[in-house]
Each structure stands twice: as structure tokens, then as C-alpha cells.
Amino acid sequence: MNTQKNTFKNHQAASSATMASPTRTPGAGPVVCEDGLARTPWAAGSAQLRDYYDNEWGIPVHDEAGLFERICLESFQAGLSWALILRKREAFRTLFHGFDPDQVAGMTETEIDMLSANPAIIRNRRKVEAAVTNARATVALREEGGLDELIWSFIPDATPTPSVVEEVPTHSPESAALSRALKKAGFVFVGPTTCYALMEAIGMVDTHLMGSYRRGCSGLWPE
């Protein structure tokens with residue numbers, strides 16, 4: 001897989017109605033929580049959101065199962081809140097075999113039917129089918145360098161430096177290019193907005209607000 005950086009110079013509008021995760025509140029700057037630490041506002045929404053923000057969001061992910069999980073969860077989140085996905089995350093992990101791409105790729109129609117009706121996760125057959133489709137695409141990518149190589153080849157040369165939430169992008173030229181590359185490789189439910197949320201989650205871009213104590217936590221973007 002050839003490395004592609006900064007290939008697209010014109011800002012492109014998102015082609016997906018998918019909501020970026022987590023929820024954005026326009027006009028808001030960092031919030032100082034009761035522990036005295038400043039965080040991006042959505043992290044103050046609940047203890048679970050704060051734990052995710054403090055320990056996971058924006059940290060680089062390179063293992064195949066971890067990347068596949070995040071693609072799946074971002075896809076399931078379309079039109080919903082990230083807080084809801086986090087509450088159901090352990091159920092997702094159990095029912096989707098720890099997001100092992102090989103096992104998910106082998107799911108039968110009967111399993112898909114059962115998952116689509118299971119209230120422990122998001123009851124949406126199209127999204128369940130998308131997870132299976134994306135698992136098969138992940139397995140197939142191994143012959144071309146793998147999912148990690150494809151995704152991380154789109155890391156930009158610079159990261160945003162937002163001071164307030166409204167300055168945080170929801171898509172970028174790189175996320176649009178990543179979306180096209182994933183779709184070409186057989187993935188679905190991976191529009192530019194979903195891909196940008198993925199890039200945020202795995203540290204490819206740092207959209208922690210300036211002043212947040214987690215700014216720079218990926219170690220990839222020296223200030």
C-alpha cells in the first residue's frame with residue numbers, strides 16, 4: 001500500500017450523514033472538572049465519557065482488532081450519541097467475538113438475524129450487516145498490507161489546534177480520501193465524517209481543545 005499524505009488540497013464536504021463522535025457543543029471551550037483538570041466539554045458528560053476521554057480517546061491504535069472495533073462502533077453510532085455506544089460497548093464486544101475480524105466475517109444469516117433483534121446492542125440490521133461486510137474486507141486487506149497500513153497512510157502533515165468546540169473539524173481532505181480508499185477496499189458505512197471521527201479516536205489527528213490536559217496525549221503532534 002503506497003503511503004498517501006496531504007494528497008488532497010481542497011476541502012471536501014462530508015458525503016455521509018453520520019454524526020462524528022463524540023457529541024460536539026458549539027461555542028464551548030475547555031471545562032475544568034471537579035478534579036481540577038481541564039477537558040473538552042463532552043468528557044464532562046458522565047463518568048464513563050470521562051474515563052474514555054482520559055484513557056483511550058486520541059491514543060494511537062494499530063492492532064487490527066482494535067481498528068476494526070472502532071470502525072464498527074463509529075458506524076453503529078451514526079445518528080446516535082457516543083454515550084449510548086459506550087454504554088453498550090461491552091455487549092458489542094461479547095456479541096461480536098471481541099471484534100475478531102475472522103470470527104465476525106464468518107457470521108451466518110441466523111447470527112445476523114439474532115444480533116439485529118438483540119436490545120443489548122443497536123438493533124439495526126443494515127449496521128450489523130455492515131460490520132460483517134467490513135470484517136470480510138479487513139481479512140481481505142491482509143494481502144495488501146493490512147488495515148493498519150491503509151488507515152495510517154492517511155495521517156495528515158498537521159493537526160487542528162481548536163480553542164473551542166466549533167473550531168473542531170468534522171471532516172478533512174484526508175478523511176475524504178480515507179473514506180474513498182476504504183470503500184474501494186470493500187468497506188461500507190465509512191463516509192468522510194465517520195472516517196474523521198475514527199482519525200480522532202485513534203490519534204491520527206489531535207482535536208483535544210487547546211488548554212485540555214489531554215492535548216498532545218498521542219505523542220504525535222508536538223506543540
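Colleague: Where does His97 lie?

Modeller: Bear in mind that this is a predicted model. His97 has a phi near 55°, a positive value in a residue other than glycine. As for its place, His97 sits in the loop between α4 and α5.

Colleague: Is His97 buried, partly exposed or exposed?

Modeller: Buried would need a relative accessible area under 20%, and exposed one over 50%. His97 comes out at 30% relative accessibility, so it counts as partly exposed.

Colleague: Which phi does Phe99 have?

Modeller: Most residues other than glycine have a negative phi. Phe99, in the loop between α4 and α5, isn't a glycine, yet its phi is positive, at about 55°.

Colleague: What is the relative accessible area of Phe99?

Modeller: Anything under 20% counts as buried. Phe99 is buried, because its relative accessible area is 1%.

Colleague: What share of the contacts in the chain with a separation of 6 or more comes from residues 24 or more positions apart?

Modeller: The chain has 223 residues, and 50% of them count as buried. Among contacts with a separation of 6 or more, the share from residues 24 or more positions apart is 71%.

Colleague: Over which residues does pLDDT stay under 50?

Modeller: Across the chain, pLDDT averages 90, and 87% of the residues score at least 70. Where pLDDT is low, the predicted coordinates should not be read in detail. The model does have 51 contacts beyond four places in sequence for one such stretch, where pLDDT stays under 50: residues 1-21.

Colleague: Which elements are included in what covers the buried residues of α1?

Modeller: Helix α1 spans residues 47-55, and its buried residues are Leu49, Arg50, Tyr52, Tyr53 and Asp54. What covers them includes β2, α3, α4 and α10.

Colleague: Are α2 and α7 roughly parallel or roughly antiparallel to each other?

Modeller: Two packed helices are described by the angle between their axes and the distance between the axes. For α2 (residues 64-76) and α7 (residues 125-141), the axes are 10 Å apart and the angle is about 155°. Angles over 145 degrees count as roughly antiparallel. That makes α2 and α7 roughly antiparallel.

Colleague: How do the residues of the contact of α2 with α7 divide?

Modeller: From α2 come Glu64, Phe68, Ile71, Cys72, Ser75 and Phe76, while α7 brings Lys127, Val128, Ala131, Asn134, Ala135 and Thr138. Sorted by class, the contact of α2 with α7 has 7 nonpolar, 3 polar and 2 charged.

Colleague: Is the crossing of α6 and α7 left-handed or right-handed?

Modeller: α6 covers residues 109-116, and its axis comes within 9 Å of that of α7, crossing at roughly 135°. The two helices are therefore oblique to each other. As for handedness, the crossing of α6 and α7 is right-handed.

Colleague: How many nonpolar, polar and charged residues does the contact of α6 with α7 have?

Modeller: α6 puts in Glu109, Ile112, Asp113, Leu115 and Ser116, and α7 supplies Arg125, Val128, Glu129 and Val132. The contact of α6 with α7 therefore counts, with Asp, Glu, Lys and Arg as charged, 4 nonpolar, 1 polar and 4 charged.

Key. Residues are numbered from 1 along each chain as its sequence is written. This is a predicted model: local features need pLDDT of at least 70, side-chain atom pairs count only at pLDDT 80 or more; totals for chains, interfaces and linings use all residues. Side-chain values use heavy atoms; hydrogens and water are left out. Axes are lines fitted to C-alpha atoms, for helices over the stretch in contact, and angles run from 0 to 180 degrees between N-to-C directions. Helices (H or I, at least four residues) and strands (E, at least two) are DSSP runs, numbered from the N terminus. Angles under 35 degrees count as roughly parallel, over 145 as roughly antiparallel, 65 to 115 as roughly perpendicular and the rest as oblique. Contact means heavy atoms within 4.5 Å. Buried means under 20% relative accessible area, exposed over 50%, partly exposed in between (1.4 Å probe, protein chains only). pLDDT is the predictor's confidence in each residue, from 0 to 100. A crossing is left-handed if the near helix is turned anticlockwise from the far one by less than a right angle, and right-handed if clockwise.
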